[in-house]
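Hi,

Here is the structure I said I would pass on. Have a look at it first, and my notes follow below.

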Amino acid sequence: MLLSTPWRLWRSAISTLKSLRPAPVRHLSIPTDAVCDADTIFALSSGHGRCGVAVVRVSGPASSMVLRNMTGLTQTLPPPRTALLRRITDPHTKELLDRGLVLWFPGPHSFTGEDSAEFHVHGGPAVITAVLQGLGSLKGVRPAEAGEFTRRAFHAGKLGLTEVEGLGDLIHAETEAQRRQALRQMDGELGHLYQDWSSRLKRCLAHVEAFIDFSEDELIEDGVLNQVDSSVHRLQTEIERHLGDERRGERLRNGVQVVIAGATNAGKSSLLNTLCQRPAAIVSPIPGTTRDVVEASLDIGGFPVLLSDTAGLRDGLDSVEREGVRRARQRVEQADLTLVVVDSTQLPTEPKQAPTFLQGYLSIVLPQPSGGNPEEGREATSDRVLLVLNKSDLVPEAQKERTERELRESLGLPPACFLSCHTTTGLGDFLAVLQSRVKTLCGNPLSGAPSLTQARHRAHLQQSVQALSQYHQYRNHDLALAAEGVRLALTHIGRITGRVGAEEILDIVFRDFCIGK
Amino acid sequence: MLARKLPLILHNLPWSVSSRAGSDLARRHYDVIVVGGGHAGTEAAAAAARVGAETLLITQKIATIGALSCNPSLGGVGKGHLVRELDALDGLCGRAGDWAGVHFSILNRSKGPAVWGPRAQLDRERYRQFIQSELLSTPRLTVLEGSVEELLVSQSNPNEPGHHRVTGICLVNGSQPILSSSVVLTTGTFLSGSLFMGQTTTPGGRIGDAPSCSGLSHTLRETLGLRVGRLKTGTPPRIVKESVELSLVQIQTPDKEPTPFSFLNTHTHCKPEEQLPCYLTHTTPGVERVVRESLHLNCHIQQDSKGPRYCPSIESRVLRFPGRQHQVWLEPEGLTSDLLYPQGLTMTMPPDLQLRLLREIPALHRAEIRTPGYGVHYDFVCPTQLNPSLQVKSTQGLFLAGQINGTTGYEEAAAQGLWAGVNAARAALSLPLLALCRTQSYIGVLIDDLVGRGVTEPYRMFTSRAEFRTSLRPDNADIRLTPRGFEEVGCVSLRRYKEAVRVRDSLQEGLAALKSVTLSSTRWREKLGNISLSESRNGSLNGLDLLQYKDVSFEMLAAIFPEHLSPYLEFSQRLNIEAVYRPHCEKQSREIERVQEEESLSLPPDMDYLSLPTSLSSEVRELLDRVRPNTLGAATRIPGMTPAAIVHLLHYVLRTAQRNQHTGQRVKAACKP
């Protein structure tokens, strides 16, 4: 069987869960806003790096329909839990996307307890994107939310109480990965576009709501609704045009995002150049040489990596450098892996003090964990950070060795490597650590795949456009139902840009109108 | 024995109660004591008595029970929903409105039945009489005139959460305390209230009434340690009707056919042709000038406590939106009253300036003021310290309702009053406390918003606050609430229950009958004449499909299929609405079920979030510790909660629940459909 390593792990994890005696769990749904369990969901379950086989999972009542539509199996479904080699085609154009294995798991004997299907396709990004988009174009099928597969399994009583604790962490990890992925996508033209739609929709909704709740007693002109009519119409056209645009806006940043960060003059640009084996960034002994983000695409151990060098973190002297520092912090926030570069000559000469020094250094360079729990934060940090102690050639050998021992024994610090970009001493060891870290990140199905994020965005935009047509349908005879359409559209855009609450809408109402009763 | 029986006789002789008030004949132990006779207090007392509790209502003046302190109107958009729901739970205000209304209209008539706003102008005198006679003829309810000096509390019952337990109250000049199992405080704006007019400030909650005792406020803050905040509100001057130039105003006529608030009433007390009009006029630049010139004489406006953004004084309207015309409604105060109420002209400047301001409006150029407007500052208890049952979390048996919880409006107060009364009675009778879910009622939305999010300004109901607005309509409040009110809550009479069940069953049958009548679209067009049915729909259409079209009504279909449909003509309007809304409600129903499932899982009120042995971030812990959500659903609505935190919480609660399967929860979330 063509199964990639992470997938095997995943499967074995599932079978372990299954073998556990089912604990008496009350059937409860776990909250996500407005996710409907009757939808059929899909997700890329394997990593998004270069891998031989990618696994796409589908779960929900429409799974058999999905299987039929994607494989041309019009009459019969494959025998349950048996791999079958099929041509996988686009459900609408019938264009051949790939030849791969398909599996059919009728409920309740599946991980989620629902009807499920799996597609094992070749791991290239083009194939994966095509398959995900094909799935997303089917009616009633949408990309999964963070942790949704596991959540459904829980819902179906497939997980016992002991697994729920793990589920929390899983959802946390997935939410984080998706958040980072979404941040990357939102950071740019596309993000501004979505934000703009969201704020315009908010205004539309606020104005319809104002008209509903206050127009009988207040001076809210009928013109308000006419403005909403044209706004809604314009939004609809714009979103539709965007969805139909084959260029899809910006190129997705593929690969593991590795960001180099640290104080000025620690040697961040030298590290970039060393890793690139070419002078991609200007290096100089003058602090603050790098002001903007410098990017380079690399192949580390066969995995695609996007390496970014950032401005040194200090209170900048001029506005250009301040902007550079802001961008640097933003990059670190979005990074899968951060290489924190330290000037070894700045390390305390007493090795026992090194861990405390580095702890302080990290707290300046890294964004504070949003959770606020120091335990949780430290754990997350050591997974996603490598300390690079540069300029090791300038530190006495004895101090270096004792410091290394000290750091190995101290808990809560990410792995640290002494390295000299100048002499390349220690480069081999560092590369080995980096490579294994990148491999883990790439193979982790939890790290958000750009194509999946994109598919999710498309799905929400499509539903948003649909909801807006409800506005026009009811505009003239039932404003409550028309408003419901705008509210639904906003909910869907809000799934991309952030949720919008009733209070926020009321704030706009009171800002824009004099409500006097 | 005599002492026990006597009160039962007394409440059948309404006015004798007050004369005996405070005498030793009054019983000294009640199930429920309600303090305050406003909208919250009257609904609370009546509801507690309906549930079966021996109830005592204490008010400063029996004569002001049921008084409308501010506007002479009831209902409106969002508020009308609350009135219908109160009526569905057998509350007083819907029927009182039908009795006292002198101008009925459905607001938002053109905007869809989900947001229709039943509203009425009221005759103040009739409203008060209705409420008083209802209360004074309610079995198990005693009314006492007096001022509460102090709330009596003792050690808490260790088997239940809370640090204190209420044991009764002490009256001013009362020789002995009056004991009770539960106390409902509905003191409105009287909690450390002060009145503002121009530069004068006097203690009090309403003009003409003595201020409440500071003892109560002290107990709440000092003994019980409750957090309080300060809010402000105001009321306009009352204008002598004769002095208004009615030729200079627009006349606003009521609906020709008044629609009653109550599901029990088929018509209103006031005959359609006897209804009174309202009048509409506008402010002028002169009004703005007077406001600006009098600012330095206006203490109320200079205070920085929070007033409502949506019921602002004319001062704040003018300051926030200068250079505009603002609407002023002149509303009748009653059939025999010689006063008009200028809605939109709440003001707190000195009386002579109030007169100057009014006279800047052409229709009021020779207006006379009977009583000037004034502002009120008052304390409210931060409502996040309450359970959804409206019981104070830290104090067993103490319930709060109305403005004391930071709301504004009669309907909002009445809604909380009813629910607090129900639970105060249930607590006294050792029945589990109940919560109303936001998926099922506006009352549920109101309470959930209050206890879950708290308030930063006086809270008023808007339809946009209800996320399931299409399902929570004024037309179906009886079906949503009455059966549960009878079967689970115990606050609904048998008569009302039977009627609601009849309606519910008939509607179901009617919908089934509509579904059963099918014709091809060509045949429908032949029968109905000029109806534009969408051409794309081939095959047969049933009656429900047809009602989706704006131009088709149930009556038209009943004329075509009289044998099938005419039995349901009585419900034609409701069937029209049901048919249109059904598909939308079904879309929402799954989401509603999800919310209800989460609401059915209660979180222990005494949970120690700060040291809970599960991996929650300290930020989330502090959030949970501060808000103390009652259910998992409430926890998900706290801004800043993460999905992962919810799962951890769920895990912990399930594990604990398994461990203590036999120790039943006290707050039961009454959410099951």
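**What I found**

Chain A comes to 16 helices and 12 strands in its secondary structure. Keep in mind as you read that this is a predicted model.

Staying with chain A for a moment: it has 517 residues, and 55% of them are buried. If you take its contacts with a separation of 6 or more, 71% are between residues 24 or more positions apart. The chain exposes about 22300 Å², with carbon and sulfur atoms supplying 53% of that area.

Next, the empty space. Rolling a probe the size of a water molecule over the atoms shows where empty space is left. Searching the whole structure turned up 12 cavities of 30 Å³ or more.

One more thing in chain B: which way do strand β2 and β6(B) run relative to each other, parallel or antiparallel? They are parallel, and 5 bridges join β2 (residues 55–59) to β6(B). Within that pairing, B:L56 sits opposite B:T142 of β6(B). Strand β6 of chain B (residues 141–145) is mostly covered, with 4 of its 5 residues buried.

Over to you!

Note on methods: Residues numbered from 1 in each chain as written. Chains lettered and ligands numbered in written order. Predicted model: local features only at pLDDT ≥ 70, side-chain atom pairs only at ≥ 80, totals over all residues. Heavy atoms only, no water. Helix = DSSP H or I, 4+ residues; strand = E, 2+ residues; numbered from the N terminus. Buried < 20%, exposed > 50% of the residue type's maximum accessible area, 1.4 Å probe, protein only. Contact = heavy atoms within 4.5 Å. Areas by Shrake-Rupley, 256 points an atom, 1.4 Å probe, with all protein chains shown as cover. 1 Å grid on protein atoms, 1.4 Å probe; cavity = no way out; pocket = protein on both sides within 12 Å on 5 of 7 lines; lining within 4 Å. Points joined across faces, edges and corners; volume = space filled by probe spheres on them. Pairing = 2+ DSSP bridges.
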